[in-house]
Amino acid sequence: MNEIRRPINISLSRKFLYSTLIFIIGIILGVISKVLDETASNLLPYFLEVLDLRNFFSRMGVWIFLALLISVYSKSPVRSAINVFLLFVGMVGSYYLYTVMIAGFFPKSYMMIWVIMTVISPFMAFVCWYAKGKGIIAIFISSIIFMLISRQAFAFGFWYFGILIL
């Protein structure tokens, strides 16, 4: 696999720092997402209402894109897997902790979708790390990623092509 892309070695302190920051960012994004979900849009400041971040953060494509960015820009496939896993653990953990502790309900079936995504995220991140490499395998991985991301952003039909705005 080193022919596709070579890992870069960084110090243990930098690995710990980057992973900790990604975990904290995941926690912050999870809490922000849940707070926006729980707040009526007309109670938000006008600029947040116009940006419609409530719906933006509720789309799975946003989280996949963030995980992809972390994965591709990590220094090695193992670091990629660890960092993406920590992002999802922070985000999903804080989102559902807020849901149970503050909002007062427990959406088990919906939560299990995100738990499963969190569990498989390191494996997907490991593979996605190689998309930034060279050769036919990197091109193949990149094309699969492009297909999945575009499927999250656009609506395709037999006679139409539209942008998904929810």
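1. "Buried" is under 20% relative accessible area, "exposed" is over 50%, and "partly exposed" is in between (1.4 Å probe, protein chains only). Helices are DSSP runs of H or I, at least four residues long, numbered from the N terminus.

2. A quick word on what you're looking at. This is a predicted model, where local features need pLDDT of at least 70 and side-chain atom pairs count only at pLDDT 80 or more, while totals for chains, interfaces and linings use all residues. Residues are numbered from 1 along each chain as its sequence is written, and side-chain values use heavy atoms, with hydrogens and water left out.

3. Have a look at Trp63. Leaving aside neighbours within four places in sequence, Trp63 is in contact (heavy atoms within 4.5 Å) with Leu29, Ser33, Phe57, Phe88, Met91 and Trp114.

4. Now for α4 as a whole. Its 13 residues reach 18 Å from first C-alpha to last, close to the 18 Å expected at 1.5 Å a residue; the expected span is 1.5 Å times one less than the number of residues. The buried residues of α4 are Gly61, Val62, Trp63, Ala67, Leu68, Ile70, Ser71 and Val72. What covers them includes α1, α3, α5, α6 and α7.

5. Where does Ser74 sit? Ser74 is in the loop between α4 (60-72) and α5 (77-103), and Ser74 is buried, with a relative accessible area of 7%. A polar atom of the Ser74 side chain lies 2.6 Å from the backbone oxygen of Ile70.

6. Compare another loop serine. Ser58 lies between α3 (53-57) and α4, and Ser58 is partly exposed, at 37% relative accessible area.

7. Last, is Thr118 buried or exposed? Thr118 is buried, with a relative accessible area of 8%. Thr118 belongs to helix α6 (residues 108-128) and, leaving out residues up to four places away in sequence, Thr118 touches Phe85, Phe88, Val89 and Val92.

Notes. Helix = DSSP H or I, 4+ residues; strand = E, 2+ residues; numbered from the N terminus. Polar contact = N/O pair within 3.5 Å; in protein donor to acceptor, adjacent residues only side chain to side chain.
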